[in-house]
Amino acid sequence: MKCARLALVVACLVGPVVAGTPEAHATLRRAVTDAATTDQTGAKEKGYEEEVASTTRFTGSARDPRKVRIDGEVRTADLSRRPADQTAGGPPLVETRAFDARFCRPGPEAFATAYIRLCLDPVTDCPDSQTLRPARESRSRQTGNSDWGTWQPLSPAECVTPGEDDLIDNVRTTFAEMTITPSPVTVIDGRGWTFVQIDTVIYSDNEPQTLATTVGGTQVELRATPVEWRWDFGDGSKPVTTTTPGGPYPDRSVSHVYTRLGTYSVTLTTTWRGQWRVDGEAEWRDVDGQNSTTSTSEQFTTHEVRTHLVKPSS
Amino acid sequence: MAAATASATASATPTATAIEAITTPPPVPADLTTPGKVGSKAAVKYFVALYGYTLNTGDTSLIRAASTETCTYCRSLASDIEEEFESGARTTGDAATVTLIRPHEGESTVDSHLWLLELAFAPNETIAADGSLDGRHGAREATVGLVAAWDEGRWRVAEYVDVVDSGSGAR
């Protein structure tokens, strides 16, 4: 570690003392960043003695906490779930790069069929209001130890308009393609049978689902909220659409009377409203468009209530 | 927590602006009872927002309510602050704000989400019981992890997690 700058001197002095703890490690990483900033702005302008390696009570009250290791800074780390056989921080299985425009010049490689789309009339100039998004190609491999496959075209060069309109369009597309877990469908609390000629209570839930993702380079959060439920009771009757998910008995807001003995299942089509916000924003904004999911209940049977006259015992 | 070191005080600028005490608790988010990540994220951000208020007022009731009974870190944080007040010392400032919050899907379950946060802390100063300046710190940042868990009908903070960059040590 170089200690040429004032703030870094402090970090360097305390480094050997605190470097043994992960918290201190993170603090020191931050200290280096702070030092670079401080060097430009002047540490004393803040009016405080720079004690970059000191901690706040917020972190200082943590005693022997669990540790989570990430590869890189939180801002850039891939924090998504990984398949069980792929460890965090393992070698990448897919990589992409900006496509080398020289590849399209006359020469043997220029005739690779897969690249015709990228090489044919490539976009090279954009209006002032737009920026050029270069063509990209990608390659993959089966495991971290196997050889890379050949580069394949991924996307052509195009002019894009930076700004919110672009982002909103991308959000709309992302929401339409968002994988939503279908709503649950429960019939008579899942006991597997019901009676004919009486109300059979059916319900789902209205739990929203969220997705944190990156859209066009911007970290956004998407929220899908169910707003409409279409119930097909599976007995040939006309499906019913409700604006509530129903609930367990005694809630009868969604119920159906089966009239025949048999085995049925209920098919639910849920309409989801989308909302989104840029990471850090408090307010949600509506997504123009909807998403839908379909789910089916467990099969259940219908039974008849038979009354018997019983002779009282004497 | 130990007071700030006393090195190089002569170079400190005497024109430091006064640090105002935080006396108003943050509003309770409506999403604390919202299922899913919307609710758990709100709980974590609320907890962070409560930190400055708690540190400045010694009122630990809200931060205790915003955390689970089993959160040893949360209990320690609250008791540390209570001890400071009992000693007669007072801290002003140190409000924490979230500059980045991301879910760590790899260590989250349906009813427990790990959120990784980059926090910015406002300047603070601590006055000892005898009225002397015990410590003064400039703005700082920290990267931490907080786990929010569904607990008794709402989301609460359940654990503090150290965030360690696994790559920097090997590089």
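**Notes on a cavity and a pocket**

1. The lining of the second largest pocket splits into 12 nonpolar, 10 polar and seven charged residues. Here Ala, Val, Leu, Ile, Met, Phe, Trp, Tyr, Cys and Pro count as nonpolar, Asp, Glu, Lys and Arg as charged, and the others, Gly among them, as polar. Keep in mind that this is a predicted model, where local features need pLDDT of at least 70, side-chain atom pairs count only at pLDDT 80 or more, and totals for chains, interfaces and linings use all residues. Residues are numbered from 1 along each chain as its sequence is written, and chains are lettered from A in the order in which they are written.

2. A quick word on terms: on a 1 Å grid over the protein atoms alone, a cavity is a set of points where a 1.4 Å probe fits but cannot get out, while a pocket is an open set with protein on both sides within 12 Å along at least five of seven lines; lining residues have an atom within 4 Å of a point. A volume is the space filled by probe spheres set on the points, which are joined across faces, edges and corners.

3. Back to that pocket: it holds about 740 Å³ of space. Of its 29 lining residues, Thr210(A), Lys37(B), Glu105(B), Thr109(B) and His113(B) lie nearest the centre. The largest share, four residues, comes from E10(A).

4. Now the cavities, of which the whole structure has three of 30 Å³ or more.

Technical notes:
Heavy atoms only, no water. Helix = DSSP H or I, 4+ residues; strand = E, 2+ residues; numbered from the N terminus.
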